[in-house]
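Hi everyone, thanks for coming.

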Amino acid sequence: MSEPISPGDLTALLGRWAAGRGPLYRLLATRLRGLIDEGALAPGAGLPAERRLAARLSVGRGTVVAAYDLLSEERRLVRRRGSGTRVAPGPDAAPEPARRTHDGSLFLSMFEPVAGTLALTCAAPDAPPPELRAAYREATARVDVLANDIGYHPAGLLELRAVIAERFTERGLPTSPDEVLVTNGAQQALGLLVRCHVSAGDTVLVERPTYPGALALFGEAAADVRAVDTGPEGVDVPALLAGMADAPALTYLIPSFHNPTGSVLPPLLRRRIAVAAGEHGGLVVDDETMAHLGFDGRAPAPLASFPGGEDVVTVGSLSKLVWGGLRIGWIRARRPVLDRLRRTKTLTDLGGDVLSQLAAAHLLRDLDPITRRRGTELRRQHDRLAAELRRRLPDWEFAPAAGGQTLWVRLPHGDSASFSQVALRHGAALLPGDSLCAGGGGAEWLRLPFLASSETLTEAVDRIARAWKHYGEVDTPPAPPLGALAV
């Protein structure tokens, strides 16, 4: 028999199981039933012991016992003294597949709205700016210029690639349009890089913590993900350089307004990383999705602009600066790397939406007013969230961010995964730190975005504070189900 699924892995699969009406044990049983029916919990898979799972979910042991008993009555689970609880075997039960950390389950749940809950999981602007409407009006007015254009541009519209190249050149990184590939957001850009450069078992070097969407892609590729710690001053550069010396297949970095810490790597350390990238080979990816989110409105120099960084691949996007619904991202790389990515993307989608690319080109030509306004807004929202946390939760620790959209907050005790379960029952959906940390190390951390209005941020902290007050309390155990009772 295989080892039981760990409480942490099962918690990630369960997602926001408690967001609903009715007794907690029924909500838990409903979600477990769904995982079994979907095949996410394979026949014969061992489930965690009741007490361990209850501690992880911050519920009473009786809640888990009652949920397990209910599913046993339905013959979806098999419970035997001394053998634990397992998913009932199917008629042709296959061996349980190997589980991977960061398989994307929790990342995908970030985009699932829950009625009556403040979503503090996905960090992205919640409304398009007025400039976007003007940009689409301009794009629509220019449709006639596309009269002899079939509309397929696998590498991206030349006009947009030229504007992106010009922006890089202005920032000290000379770039031609042929060195730019337009993608459907930064997530597709990262997905293409993983697909073309990472095979099962390859080593990928990342910061800890880092962007959970990247970890989900590396997990899907079955990569061997190794992490280097980062903090308020940025990544531990000596440890990073030691890891790069082992020539990983891909090194993924967020040096500008890091997600989730908001730190900025100083120019001298960027220079050292660029030199190492030139010496050791392997693909080094500079994720600049946050680069224009500094509170002062200025973007740091990309890694590829430093001596030795010629082969660094730069990823960018308008999703955080403008709006997530504008699915425009890009990859800036040298031609040999870009040609392979272009071929792969062509087979995937034949190119992105042309009107959106025209609108993006319009926005990028005059981006400075947007970055200045966003920087001012983000600073104000950052300061409001920080003040509310200090007022309501003075024992929680965090370092002020230099930009970006999130605070990286440390709990004084307990673990963020179990606390998130309590917070959800108080109307706040949180992202626990383990989902951003390859190899563990994030159990006591939370990522909190500061993108909402001042009133919403105050309400969010109020809900979190109420949840923290009740953290550690257990629910009254429900009566065990009787007979063949089903929901």
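Predicted model: local features only at pLDDT ≥ 70, side-chain atom pairs only at ≥ 80, totals over all residues.

Residues are numbered from 1 along each chain as its sequence is written, and side-chain values use heavy atoms, with hydrogens and water left out.

So, strands here are DSSP runs of E, at least two residues, and helices are runs of H or I, at least four, numbered from the N terminus. Two strands pair if DSSP finds at least two bridges between them. E1 and strand E3 (residues 84-87) are joined by 2 bridges and run antiparallel. They belong to an open sheet of 3 strands, ordered E1-E3-E2, with antiparallel pairing. Strand E1 (46-47) and strand E2 (77-80) are its edges, each pairing on one side only. Helix H4 (residues 61-73) lies across E1, E2 and E3, at about 115° to E2. Contact there means heavy atoms within 4.5 Å, and angles run from 0 to 180 degrees between N-to-C directions, with axes fitted to C-alpha atoms, for helices over the stretch in contact.

Now the other sheet: it's open too, with 8 strands in the order E5-E12-E11-E10-E9-E6-E7-E8 and mixed pairing. Strand E5 (180-183) and strand E8 (234-235) each have a single partner strand, so one side of each has no neighbour in the sheet. Strand E10 (residues 283-287) and strand E11 (residues 313-317) pair in the parallel sense over 3 bridges, with Val285 opposite Val313 in E11.
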